[in-house]
Each structure stands twice: as C-alpha cells, then as structure tokens.
Amino acid sequence: FGDQGSTIIDFGGLAQGPISEKPERDDQAHTVSILPDGRILVAGFCNALERTDGRDVAVARLTPSGQLDTTFNKTGRLRVHFGPSDDFYFRAVANSLLPLADGRFYVGGFISKAGDTLDDDFMLLRYQADGTLDTSFSSKDSPAGSWLGRAYTHTESVQGMVLQGTSVVLAGGTDFAAVRILTSGAQDTTFGTGGLARSEGGRAHALAMRPGGGLLLAGERQDVKIGDKTYGALKLVAYTKDGKLDSGFGTGGVRELTAPTDALNLVDVSGLVVLPDGRFLVYADVRAQPVLLRFQANGELDTSFGTGGLMRWSETKLAL
C-alpha cells in the first residue's frame, strides 16, 4: 500500500516541507470513506497562505493500493476555495463524507470567516464521481454545488450525515443542530421546527440513524451542575425521522449521563454506532482516557456491558 505502507498527500503551499522537500502548508485529514470498489475517499482541509488562518476544503481519492487516483479531478486531489482566488477570508473544513450508490458523494463540514470570531456555519457540497462539482445541486444564496447554512447557533459543523430516501440529514455542533437537505439542494422546512432540529445546551460530535429511520446524536455538555460543582457529561439526543424530539428516549428525547461518576468530566465523543436491535455504542475520552459505553435503545446505560456499562483502558492516557 502506498510507499512501504503509507501515503502522503500534499496540497502545496509556501514553505518547504521536511518530508516532501517541496512547498507545502499544513494539511489535515478529518474523515475517510472506503468505496465499494476499494477506492478511498479522504477529506479535511489545507491551509491557505502564510500568516493567515484561511482554510480550503481538501478532498483526495486513492486507489486500493494507496496511489492517487488520477481519474478523480485529473490529479487525484481537489481543493475548494471560497471567495476570490487571492482572498483567504474564509475557513472551510470538511469533517464528513457520504458516498451515494451512483458514485456521487457529499462533503460536509463548516465554513466561517477567518479571524478570532467564532461563527461556524454548516457547509454541504455535492460532487460527481469524477470529482467535478455537481452544479445541479443548488440553493438560494449559496454557490452552485453547495448548501451553506445560516447562523443557527454559535458553531454548526457537519459531524455526520445519513440518507433518508434521496434527502440527506446532516448534524453537529452547538445545541445538537440537525437539518435535512433535499436532493435539489433546498433545505426541507418541514424538518424539525421551520427546517431545524435542536436541543439547547452542549455540542454534538456524532450522528447515526436508528432502526425505523430516527436519528441519534452524541456529544457533551460541559456545564452540568451537580450540587455546587460543574461537570462535563455525555449528552445524547434522539430525534424522530422528521426532526422532532423522540419522547420514547431518555427524558423528552434527551439523556445526560451523570452517573456513574466515572463518566463525568467528559472531554470528547469521537464515535457512535447503532446496532441492529437499537442498542448503541459511544466511544469517548473521559479524563483523557478512552471509554466505550453501551446503551439500551431507550438511552439507558446497558449495565451488562463491561463494568456498569463502560469499558476502560486504564493503561493508556492517549486520546484514541
């Protein structure tokens, strides 16, 4: 695979890189998807010019053997820049990929203005199988091939996408925000309330579909009061397939895990998998140590799993 087991994908830049010995800037991969034929889609961001925090979306496709797939955008790579070519006023980052059966694929993430102000908005792009932008996907006030969200909360970021028929639901960020986008590129205003599902407080880091088409988001709150102390805690939110809080899950669709105390001071959720029977697994870092939790379909901790519902790896403090 690649060069002795690894592949380095460089999107170029101004400074000479220590490995490539060519001009490069910081590039980061945030998500990967294995296609049915074994090819590999990777997405994240590449930095813009020196002395700026502007970022461009970066997408690459590799062959199963780890070589750049030159049938994809002719080079195996594509860079998505928002704004004029000489203007690096925007940060645009990809966090999630969703391949379609016909070879097209969605790229989800966030876009914000460069600078110190925190105001990330949902970003969704759709591409043809060969890496060309699908300009039939369009929405009002967004460039062709994209849907850009409004400022629903302080920070929205596509941390996961699922298909509902031909529509795509995307979610993540502050207040567990979720929206549904039609195949045309228009936002579905029948979803949630006026087109937005949300649960105030905390931030979602993962999305999965539940049996029956409902949606599950996992993340955390860092401001949960227990007595006179403030803790971080795992927060789970279940929506119906139409973006309403699911009353059969937790309390009014929300479950905040404040016990056992071992689950407090949650730092980060990085994985969510829903099992065929509705139970689900959450992977997180708690006190800088990795933890795997299993829950019943209704949001209750499955105490038959591990120790009281948790598996810990106490021998490592690495964030996996």
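Analyst: Two strands count as paired if DSSP finds at least two bridges between them, a strand being a DSSP run of E with at least two residues, numbered from the N terminus. The model is predicted, so local features need pLDDT of at least 70 and side-chain atom pairs pLDDT 80 or more, while totals for chains, interfaces and linings use all residues. Residues are numbered from 1 along each chain as its sequence is written, and side-chain values use heavy atoms, without hydrogens and water.

User: Why are strand 15 and strand 16 called paired?

Analyst: Strand 15 and strand 16 (residues 229-239) share ten bridges in the antiparallel sense, and the criterion is at least two, so they pair. Arg-221 stands opposite Ala-233 in strand 16. Two residues separate the strands in their hairpin, where Gly-227 has a positive phi of about 65 degrees.

User: Which strands supply at least two residues of the lining of the largest pocket?

Analyst: Strand 11 (156-164), strand 14 (203-209) and strand 18 (266-274) do. Strand 18 gives the largest share, five residues.

User: What makes up the lining of the largest pocket?

Analyst: Five residues are nonpolar, seven polar and three charged, with Asp, Glu, Lys and Arg counted as charged, Ala, Val, Leu, Ile, Met, Phe, Trp, Tyr, Cys and Pro as nonpolar, and the others, Gly among them, as polar.

Key. Helix = DSSP H or I, 4+ residues; strand = E, 2+ residues; numbered from the N terminus.
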